[in-house]
Amino acid sequence: MEEKEQKLPMPKAPRENPCVFSCDEIAQILPHRYPFALVDRILDCEPGCWAIGRKCVSGNEAFFCGHFPQQKIMPGVLILEALAQVGAVALLACPGNKGKLAFFGGIKNARFRLKVTPGDVLELHCEIGRVHGPVGAGLAKAYVDGKLAASAELTFALAEG
């Protein structure tokens, strides 16, 4: 009989002894590079289960040149991408997934509740739910100052890198 791995629930904040990844360590896990590396730090992670990340939004972001020059707002699709990158770190930090890539499979129930502007710090939470072979889904939420800014259900597919 196959023993199922017990998933730990995602905490609301980093634990006392967190599993932290710097931007350089994230770059060893994910293929994303400027201007598409959208996670500055992983604040805590339980590989295969969940991750909490941070994105410090700067007025110097390339996307602000066109979105919108007179009222800078981070595009919602990039908030979703940042959430997906946090989820990908949670998945790819598992030793069995080293060297693989995580691709978007779909987005459901995306909701945007706050404008994200320069100076905001996004706290990005992604909890991996069901996984069947290389395909799975997770629940993702982005917060600014403790307020929910965006949420979505993300599906993904893992592939050899």
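Which residue forms a salt bridge with K100? Select E160: this residue pairs with K100, and the closest N and O atoms are 4.0 Å apart. The two ends come from distant parts of the chain, E160 in strand β6 and K100 in strand β3, 60 residues apart. A salt bridge here is a side-chain nitrogen of Lys or Arg within 4 Å of a carboxyl oxygen of Asp or Glu. Helices (H or I, at least four residues) and strands (E, at least two) are DSSP runs, numbered from the N terminus.

Before moving on, note that this is a predicted model: local features need pLDDT of at least 70, side-chain atom pairs count only at pLDDT 80 or more, and totals for chains, interfaces and linings use all residues. Residues are numbered from 1 along each chain as its sequence is written, and side-chain values use heavy atoms, with hydrogens and water left out.

Now colour by accessibility. E160 is exposed because its relative accessibility is 61%. K100 is partly exposed at 22%. The cut-offs are under 20% relative accessible area for buried, over 50% for exposed, and partly exposed in between (1.4 Å probe, protein chains only).

**Stop two: the R15 network**

Side chains of opposite charge can pair when their charged atoms come close. Select R15, D44 and E46. Salt bridges that share partners join R15, D44 and E46 into one network. Between D44 and R15, the closest N and O atoms are 2.9 Å apart. D44 sits in strand β1 and R15 in the segment before α1, 29 residues apart. E46 meets R15 in a salt bridge of 3.0 Å, N to O. E46 is also in strand β1, 31 residues from R15. D44 is buried, because its relative accessible area is 0%. R15, at 30%, counts as partly exposed. By the salt-bridge rule, the count comes to four.

**Stop three: G53**

Select G53 in strand β2 (residues 50–56). Is G53 buried or exposed? G53 counts as buried, because its relative accessibility is 0%. Leave aside neighbours within four places in sequence, and G53 is in contact with R41, I42, L43, V86, L122, E123 and L124. Contact means heavy atoms within 4.5 Å. Next, draw a C-alpha to C-alpha distance from G53 to A142: the two are 9.4 Å apart in space and 89 residues apart in sequence.

Go to Y34 and P35. The peptide bond from Y34 to P35 is cis, with omega near 5 degrees. P35 lies in the loop between α1 (23–29) and β1 (41–46). Then select H67 and F68. Their peptide bond is cis too, with omega near -20 degrees. F68 is in the loop between β2 and α2 (76–92).

Select N109 in strand β3 (residues 100–112). N109 is not a glycine, yet has a positive phi of about 50 degrees. N109 is partly exposed at 45%. Finish this stop at D145, in the loop between β5 and β6 (147–160). D145 is not a glycine either, and has a positive phi of about 50 degrees. D145 is exposed, with a relative accessible area of 71%.
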